[in-house]
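User: I'd like to learn how to read a model like this, one feature at a time. Could you walk me through it?

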There are 2 protein chains.
Amino acid sequence: MSGTSRDLAHPDTADLALTDVLFALSDPSRLAIARSLVEGPIEVAACQPAGAEIPKSTLSHHLKTLREAGVVRNVPHGRQRYVSLRREDLDERFPGLLAAVLGSVPQEVDAPGNGLTPSPPLA
Amino acid sequence: MSGTSRDLAHPDTADLALTDVLFALSDPSRLAIARSLVEGPIEVAACQPAGAEIPKSTLSHHLKTLREAGVVRNVPHGRQRYVSLRREDLDERFPGLLAAVLGSVPQEVDAPGNGLTPSPPLA
DNA sequence: CTCATGGTTCGACAATAGTTGAACAGTGAG
DNA sequence: CTCACTGTTCAACTATTGTCGAACCATGAG
């Protein structure tokens, strides 16, 4: 409808809704994607969970949910696309939320030598 | 035995799952309930959103979701029940999460001239 | 150009979640 | 005890989400 723009729609920072963000992150697959983005932008294909490959359409759907909630940004990059965390926007709108969500240790996985999390919860 | 066997089940602090907590709080009604609990425990009937009364069963359902996610505690108190935030448990398991979620301004509720004033009213 | 690649969108289906009235249960008051 | 009150549970229905194959669309390579 609106030309051949490859640019997907992203909500403005001021329009981010807390419930949408929480919902987007409430799915294990999507939370895992968000966590994998902490280290920097990656291609869509790299968002695949290690070991278990999910169909392209399913992955794209999760990315859409994250994008429409304002959690990630999805920009064209040559033939591929780069997915990145909207960290600054989220920090501005919901201070501390991202740190709390991404900083906590993944559920039951107490893998030793996990250098991903900056702050150790649980005493 | 002591007669009072109407205690509802609450997940142990160590068993709290981040995705469950996020999901429980991703619903506007439930988020509102959580917010109203910041000031202290209240009865179930007091969890009703101001203005719009929802059926008892619906309210109870939301409280169940919050309780099973470990967000709130629901204890008998005479003929009624007290609902309270499991603030300490959540802070222990997911540091900063509650502050970030409850401290943020309720969904940009179309306030003209409202210029994002992130104020964490924690007491 | 033609072709292969990386991802989104579409459409159908399954699974989960929300809503609600009615039934049920514990408690305090009279 | 009996009744009114508070809130949970049950059952049925609706609505939203998740999943996934297939079609489609840009782009870069040859």
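User: How many bridges pair E2(A) with strand E3 of chain A, and in which sense?

Analyst: The general idea: strands of a sheet pair through backbone hydrogen bonds, either parallel or antiparallel. Here E2(A) and strand E3 (residues 80-85) of chain A pair in the antiparallel sense over 6 bridges. Two strands count as paired if DSSP finds at least two bridges between them, and helices (H or I, at least four residues) and strands (E, at least two) are DSSP runs numbered from the N terminus. Keep in mind that this is a predicted model, where local features need pLDDT of at least 70, side-chain atom pairs count only at pLDDT 80 or more, and totals for chains, interfaces and linings use all residues. Residues are numbered from 1 along each chain as its sequence is written, while chains are lettered from A and ligands numbered from 1 in the order in which they are written.

User: Which residues stand opposite each other there?

Analyst: Val72(A) has Leu85(A) in E3(A) as its bridge partner, and Val75(A) stands opposite Tyr82(A). The hairpin of E2(A) and E3(A) has 2 residues between the strands, and Gly78(A) takes a positive phi near 65° in that hairpin.

User: What is the strand order of the sheet in chain A?

Analyst: The 3 strands form an open, antiparallel sheet in the order E1-E3-E2. Strand E1 (42-43) and strand E2 (72-77) of chain A are the edges, each pairing on one side only. Helix H3 (residues 56-69) of chain A packs on this sheet, touching E2 and E3, and its direction makes about 115° with that of E2(A). Contact means C-beta atoms, placed from the backbone, within 7 Å; the axes are lines fitted to C-alpha atoms, for helices over the stretch in contact, with angles from 0 to 180 degrees between N-to-C directions.

User: And chain B?

Analyst: Chain B also has an open sheet of 3 strands, with order E1-E3-E2 and antiparallel pairing. There, 6 bridges join E2(B) to E3(B), and Pro76(B) stands opposite Arg81(B) in E3(B). H3(B) lies across E2 and E3 of chain B at about 115° to E2(B).

User: Where do they touch?

Analyst: The contact takes 23 residues from chain B and 22 from chain A. On the chain B side, H1 (18-25), H2 (28-36) and H5 (97-103) each supply at least two residues, with H1(B) giving the most, 5 residues. Because 83% of the interface residues of chain B are also interface residues in chain A, the copies meet through the same surface.

User: Which residues come nearest to DNA strand C?

Analyst: "Near" means a C-beta atom, placed from the backbone, within 6 Å of the strand. Of the 29 residues around DNA strand C, Val44(A), Ala45(A), Ser57(A), Ser60(A) and Ser57(B) come nearest. H3(A) gives the largest share of that surface, 6 residues.

User: What about DNA strand D?

Analyst: Of the 26 residues around DNA strand D, the nearest are Ser57(A), Val44(B), Ala45(B), Ser57(B) and Ser60(B).

Notes
Contact = placed C-beta atoms within 7 Å.
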